[in-house]
Amino acid sequence: MIKHILSSATLVLALAAPAFAEGDAEKGEKVFKKCKACHAVGEDAKNKVGPVLNGIIGANAMHNADFKYSDGMKAKAEEGLVWDEETLGAYLTKPKDVVPGTKMSFAGLRKEQDIADVIAYLKTFQ
């Protein structure tokens, strides 16, 4: 009985946790084209409507001191939001759910693999 309960609990936890596939940076570069209107990465990257995303993985919510963030992002930064893979994955899925009041108008990426690929691509700019 206890064994059955434990295995059921393990299954529920596994299904509840978002499972992002392993990302492909090359494919992520292609998906990132959707982001390029507002964001840049790379050695000569400059802020646009959105901040430069170099070094975003593991960074605090307001990682770019030269960018003017929304009040929503400021509030999340004060709460201690860090852009780890899980949080960034959730944000790329539905930005306004993770940061209410964000200025980011992008609706989000629909495919888990696209999200994993973009994160893999962003990791190349650490």
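The model is predicted, so local features need pLDDT of at least 70 and side-chain atom pairs count only at pLDDT 80 or more, whereas totals for chains, interfaces and linings use all residues. Residues are numbered from 1 along each chain as its sequence is written, and side-chain values use heavy atoms, with hydrogens and water left out.

The secondary structure of the protein comes to six helices and zero strands, where helices (H or I, at least four residues) and strands (E, at least two) are DSSP runs numbered from the N terminus. Of the 126 residues in the protein, 37% are buried, a term that stands for under 20% relative accessible area, with exposed meaning over 50% and partly exposed in between (1.4 Å probe, protein chains only). Among contacts with a separation of 6 or more, 47% join residues 24 or more positions apart, a contact being heavy atoms within 4.5 Å.

A search of the whole structure finds four aromatic pairs. Rings of Phe, Tyr and Trp (its six-membered ring) pair if their centres lie within 6.5 Å, and planes under 30 degrees apart count as stacked, over 60 as edge-to-face and the rest as tilted. One of these pairs, Phe 32 with Tyr 121, is tilted, at 5.4 Å centre to centre and 50° between the planes. This pair links distant parts of the chain, since Phe 32 lies in the loop between α2 (25-31) and α3 (71-78) while Tyr 121 belongs to helix α6 (residues 112-123), 89 residues apart. Both Phe 32 and Tyr 121 are buried. The rings of Trp 83 and Tyr 91 have planes at 55° and centres 4.9 Å apart, so this pair too is tilted, and Trp 83 and Tyr 91 are both buried. Ring pairs also join Phe 32, Tyr 121 and Phe 125 into a cluster.

Two further residues show how separate stretches of the chain meet. Leu 53 lies in the loop between α2 and α3 and counts as buried because its relative accessibility is 11%. Beyond its neighbours within four places in sequence, Leu 53 is in contact with Phe 32, His 39, Ala 40, Val 41, His 63 and Leu 122. In helix α6 one finds Ala 120, which counts as buried at 14% relative accessibility. Leaving aside neighbours within four places in sequence, Ala 120 touches Gly 23, Asp 24 and Ala 25; the C-alpha atoms of Ala 120 and Ala 25 are 4.7 Å apart, although 95 residues separate them in sequence.

Helix α4 (residues 85-93) has as its buried residues Thr 87, Leu 88, Gly 89, Tyr 91 and Leu 92, and their cover includes α3, α5 (95-98) and α6.

The largest pocket holds about 550 Å³ of space. On a 1 Å grid over the protein atoms alone, a pocket is an open set of points where a 1.4 Å probe fits, with protein on both sides within 12 Å along at least five of seven lines, and lining residues have an atom within 4 Å of a point. Of its 28 lining residues, the closest to the centre of the largest pocket are His 39, Gly 50, Pro 51, Tyr 91 and Met 104. Helices α4 and α6 each supply at least two residues of that lining.

Methods
Grid points are joined across faces, edges and corners, and a volume is the space filled by probe spheres set on the points.
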